[in-house]
Amino acid sequence: MTEFRRGYGAAPWHLLLLLGCFAVTGWIALRLAGEPAAGRMLLWFVGAVIAHDLLLFPFYALVDRALRAAVGGRRSALNHVRVPALASGLLLLVYLPGILGLGGDTYTAATGLTPQPLLARWLLASAAIFAVSAALYALRHRRGTVRPQRRRTPGRAARRPPAET
């Protein structure tokens, strides 16, 4: 077992999980291969990967770095901004076609509603998510459970007091 971990670099369950993911991905690819819209789906997938890796990731990495600099050592405060921002971003991703008015006829046919109020609803949901996060942070700060975390120097083990003999 130790030799396997040393050679592979991780536990055996990691390899099994990875092989399972590849099997599911292969099965989905085979199912989509016969679809007439498979080329368009592949184009959307490649476009999403490129848009994320070249545009979005550098943008939110810079925003995260700026937020870390702004809050200093208060990592808890940063997480009270990160989590609602992630939730709001995921909601935007889900509702963006409706917000932009794409597929409005399909949306109306499926739900009986118009997509016009989706932008206002997304903004209200995002505001509520941020408000709940701010209230939780204020409550934690008031109770005194929010403490600045000490920075650890990379590569140095934490010092322990010598064991008594």
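## Getting started

A residue is called buried when its relative accessible area is under 20%, exposed when it is over 50%, and partly exposed in between, using a 1.4 Å probe and protein chains only. Ser 88 counts as buried because its relative accessibility is 8%.

Welcome to a predicted model, where local features need pLDDT of at least 70 and side-chain atom pairs count only at pLDDT 80 or more, while totals for chains, interfaces and linings use all residues. Residues are numbered from 1 along each chain as its sequence is written, and side-chain values use heavy atoms, with hydrogens and water left out.

## Around Ser 88

You will find Ser 88 in helix 4; helices here are DSSP runs of H or I with at least four residues, numbered from the N terminus. Not counting residues up to four places away in sequence, Ser 88 touches Trp 122, Ser 126 and Phe 130, where contact means heavy atoms within 4.5 Å.

The side chains of Ser 88 and Ser 126 are also joined by a polar contact of 2.7 Å. Such a contact is a pair of N or O atoms within 3.5 Å; within protein, one must be able to donate a hydrogen and the other to accept it, and residues adjacent in sequence count only if both atoms are side-chain atoms.

## Over to Trp 122

Trp 122 belongs to helix 6, residues 118-143. With 17% relative accessibility, Trp 122 counts as buried. Leaving aside neighbours within four places in sequence, Trp 122 is in contact with Ser 88, Leu 91, Leu 92 and Ile 99. From Trp 122 to Gly 89 is 33 residues in sequence, and 9.9 Å in space from C-alpha to C-alpha.

Definitions and conventions
Helix = DSSP H or I, 4+ residues; strand = E, 2+ residues; numbered from the N terminus.
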